[in-house]
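Good morning, and thank you for coming. I would like to walk you through one protein structure, and I ask you to keep it in view while I speak.

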Amino acid sequence: MIFYRNKVQNMNKILCCLAFSALAATGAYAQGTNSPYSQFGLGDLTDQSVGFNKGMSGVGQGFRKGNEINPLNPASYSAVDSLSFIFDAGLSGQITHYKEGGTKLNAKNGGFDYVMGLFRVFRNFGVTFGIMPYSNIGYSYSAKEKLTEPEATITTTHDGSGGLTQLFLGAGWRIIKPLSVGVNFSYLWGDYDMKITTASSTDINVLSKQYVASINNYKLDFGIQAEIPVNKTDRVVLGATFSPGHSLKSDPECRLIHRNTAISKSDTTSYSITDGLKIPNTFGIGVAYHKDNRLRVGADFQLQKWGSIAYPDYVKVQDMGDYVLRDGMLRDAQKFNFGAEWLPNPNGRKYLQHVRYRIGAGFSTPYYNINGQKGPNEFHATIGFGIPILNAINNRSILNISASWQRRSSSDLLSENSFRINIGLTFNERWFAKWKVE
């Protein structure tokens, strides 16, 4: 006589995972940034990677395995093991060193990175759900300028917070043996609040310029992967993704606030742009070589067409001001990533033979201009480990630990050097096995 594992129990586990994702969306989620560069565009864009590929510089277009979640290409979901439910969560912390001229500063931040799950619905068809950031905004700095006539000090303060988060549901289907397709449907939401305040030491009037917006919209990501066998144990996987650009149906607003500090009175003039924010068409391609379950090497390229998008800006002509959409504030962004993972011996008896060793490097260009000039390029390098968790119940879960170094710099601009530690835990449980009772 054959009994199936309690379906109610499995459903409760799924609901618990969904509830945890919702909790992260409403309050627990707290990743951030301290970078002044996050004041441009929609903020610092995240790389969408998870625990295993953070140690390989975020490579993932051509990666597909049955025991991991790879949201970089939703076609990879079709590789999920038949008896598995995979749950993955990660967090990170970083220290950033800023330098401009003779001024130096260190800052710290961190928090949750992502929460997601993956399971098989039927043969060659996997479904995933989760939450991860799309962008982060967070900065606070000031600059002072001394005037001789009249003798005064002008202080300009810049403050900003916010960012966008995506809650997504995805599916991957292997249509025929070598070809898989997939899609992520995301609910994209968030807001930003960025303020520039100017005050003089000899004047009781303070002028603030505040930019605010609230976003609630969607995002789609389509993926495809083709597996090409090299021999009985090795294969090459080609991957590609496309995310269509569209309007976010948001009405950004600019507020000019004049405040008299002597009488604590302020006047506000507001400008808004109907349907003023967009995300771009994004294209990604990549290739990965998988050798005998011991070695995999991948390389990715991504292009984001921000340059065709006009962005809101406050402009002043003579004594008149207006909030308008301007061309040339954003630019097309490119990203190149390379990464590799080595597993000494998947059939070995020694523990260290089952540890996964990872390395990666990458280069990317900015998607914004600063005062009409290109923003800073970014270089980064990573190293990581996948440490198996061995116990009497589950020998398939992995603790992913990685460290990354990132540098953003450009001539005559602030330079950033960041050191980040990423920790991810991948739970891989057998949920759908049959129980036999004699």
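Leaving aside its neighbours within four places in sequence, with which residues is Leu 42 in contact? Before I answer, please note that this is a predicted model. The contacts of Leu 42 include Tyr 134, Ser 135 and Ile 137, then Leu 164, Ile 215 and Leu 248. Leu 277, Lys 278, Ile 279, Trp 306, Tyr 311 and Tyr 367 are also among them.

Leu 42 belongs to the largest nonpolar core, which has 31 residues. Together with Tyr 192, Leu 277 and Trp 306, Leu 42 touches the most other members of that core. Several strands contribute to it: β5 (125-147), β7 (179-200), β8 (205-229), β11 (253-260) and β16 (311-317) each supply at least two residues. There is also a second, separate core, made of 15 residues, and Phe 52, Val 80, Met 116 and Met 132 are included in it. As general background, nonpolar side chains in soluble globular proteins tend to be buried together.

Asn 70 is placed in the loop between α2 (51-54) and β3 (84-100). Is Asn 70 buried or exposed? Its relative accessible area is 2%, so Asn 70 counts as buried, the limit being under 20%. A polar atom of the Asn 70 side chain lies 3.0 Å from the backbone oxygen of Phe 63. Not counting residues up to four places away in sequence, Asn 70 touches Phe 52, Asn 53, Gly 60, Phe 63, Ser 76 and Tyr 77.

Next, please find strand β19, residues 356-364. Its covered face consists of Arg 356, Arg 358, Gly 360, Gly 362 and Ser 364. Tyr 357, Ile 359, Ala 361 and Phe 363 form the uncovered face. Strand β18 (residues 333-342) runs antiparallel to β19, and 8 bridges join the two; Phe 363 of β19 is the bridge partner of Phe 336. β19 also pairs with strand β22 (residues 377-389), again in the antiparallel sense, over 9 bridges. There, Tyr 357 has Phe 385 of β22 as its bridge partner.

Finally, I come to the largest pocket, whose volume is about 1300 Å³. How many residues line this pocket? The lining has 43 residues, and those nearest the centre are Pro 36, Gln 39, Phe 40, Tyr 141 and His 158. Which strand gives the most to the lining? That strand is β5, with 6 residues.

Thank you for your attention.

Key:
Residues are numbered from 1 along each chain as its sequence is written. This is a predicted model: local features need pLDDT of at least 70, side-chain atom pairs count only at pLDDT 80 or more; totals for chains, interfaces and linings use all residues. Side-chain values use heavy atoms; hydrogens and water are left out. A nonpolar core is a set of buried Ala, Val, Leu, Ile, Met, Phe, Trp, Tyr and Cys residues joined through side-chain atoms within 4.5 Å. Buried means under 20% relative accessible area, exposed over 50%, partly exposed in between (1.4 Å probe, protein chains only). Helices (H or I, at least four residues) and strands (E, at least two) are DSSP runs, numbered from the N terminus. Contact means heavy atoms within 4.5 Å. A polar contact is a pair of N or O atoms within 3.5 Å; within protein, one must be able to donate a hydrogen and the other to accept it, and residues adjacent in sequence count only if both atoms are side-chain atoms. Two strands pair if DSSP finds at least two bridges between them. On a 1 Å grid over the protein atoms alone, a cavity is a set of points where a 1.4 Å probe fits but cannot get out, and a pocket is an open set with protein on both sides within 12 Å along at least five of seven lines; lining residues have an atom within 4 Å of a point. Grid points are joined across faces, edges and corners, and a volume is the space filled by probe spheres set on the points.
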